[in-house]
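I opened this model to look up how its parts are arranged. My notes follow in the order I made them.

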Amino acid sequence: QFSNRMRISGVAGSGKTFCLTHRAMNYANNDKQVLFTYYTSSFKSYINGILKRPPIPYKRRVGVHGDPSIKVENLHKLLYDMLKIYYQHLNDTDNIDDEGKKWLGRKFVPEKKRPNEVSYARKIIRLLDYNEKLFFDAIEDQYSYDAILVDEGQNFITPKIEEVLTE
């Protein structure tokens with residue numbers, strides 16, 4: 001039995017990532033598709049290193065042949081890839097975004113006043129507000145997971161997210 005939501009806190013080196021990787025492997029052993037995401041771009045090799053030489057055995061593949069049971073991806077890249085898919089869909093279907101554009105056309109970078117907020121996420125929120133159906137038609141089921149594990153979550157925390165986590 002898996003819980004719906006869990007929050008792990010601790011100082012650096014206390015084993016938070018170790019717990020999350022074990023959790024990911026346990027989900028994979030139960031035929032679940034897992035997204036393991038994090039904030040620091042260089043963290044991927046560390047996580048993949050743990051998963052390539054796991055301290056416990058786990059199923060590395062589930063579902064369609066070749067689909068990884070655990071996808072490890074930086075949150076910024078994950079959101080940027082969603083935007084690329086969305087804008088390709090706009091081009092293919094002759095639609096426009098919330099700003100009247102059909103193409104990504106520029107890089108989104110975190111704003112100086114909000115360094116912990118990912119601007120890709122804010123753009124996606126605006127696109128969802130503009131036309132939620134169009135956004136989900138574009139990405140289809142490419143981002144469907146049974147479990148999403150977030151490491152380095154303290155880097156994502158904003159007052160609104162903190163409020164949701166404590167509910």
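Before looking at any pair of helices, I noted what an axis is here: a line fitted to C-alpha atoms, for helices over the stretch in contact, with angles running from 0 to 180 degrees between N-to-C directions. I also noted that this is a predicted model.

Entry 1, the helix pair. I looked up helix α3, residues 75-93, and helix α4, residues 119-139. Their axes come within 11 Å and cross at roughly 45°. I recorded the crossing of the two helices as left-handed.

Which residues of α3 and α4 make the contact? From α3, I listed H76, L79, Y80, M82, L83, I85, Y86, Y87, H89 and L90. From α4, I listed Y120, A121, K123, I124, L127, L134, F135, D137, A138 and I139. Sorted by class, the contact has 16 nonpolar, two polar and two charged residues.

I picked H89, which lies in helix α3. Is H89 buried or exposed? Its relative accessibility is 19%, and buried means under 20%, so H89 counts as buried. Leaving out residues up to four places away in sequence, I found that H89 touches L134, D137 and A138.

I then picked Y80, also placed in helix α3. Y80 has a relative accessible area of 27%. How far apart are Y80 and I124 in space? From C-alpha to C-alpha they are 9.4 Å apart, although 44 residues separate them in sequence.

I looked up which residues of α2 (43-52) are buried, and found F43, I47, G49, I50 and L51. The cover over these buried residues includes α1 (16-29), β1 (34-38) and β2 (70-74).

Entry 5, the whole protein. I counted five helices and three strands. Read from the N terminus, the order of elements is α-β-α-β-α-α-β-α. The protein has 167 residues, and 36% of them are buried. The accessible surface is about 10,600 Å², with 52% of it belonging to carbon and sulfur atoms. Last, I looked at contacts with a separation of 6 or more: 71% of them are between residues 24 or more positions apart.

Terms used. Residues numbered from 1 in each chain as written. Predicted model: local features only at pLDDT ≥ 70, side-chain atom pairs only at ≥ 80, totals over all residues. Heavy atoms only, no water. Helix = DSSP H or I, 4+ residues; strand = E, 2+ residues; numbered from the N terminus. Left-handed = near helix turned anticlockwise from the far one by under 90°. Contact = heavy atoms within 4.5 Å. Nonpolar A, V, L, I, M, F, W, Y, C, P; charged D, E, K, R; others polar. Buried < 20%, exposed > 50% of the residue type's maximum accessible area, 1.4 Å probe, protein only. Areas by Shrake-Rupley, 256 points an atom, 1.4 Å probe, with all protein chains shown as cover.
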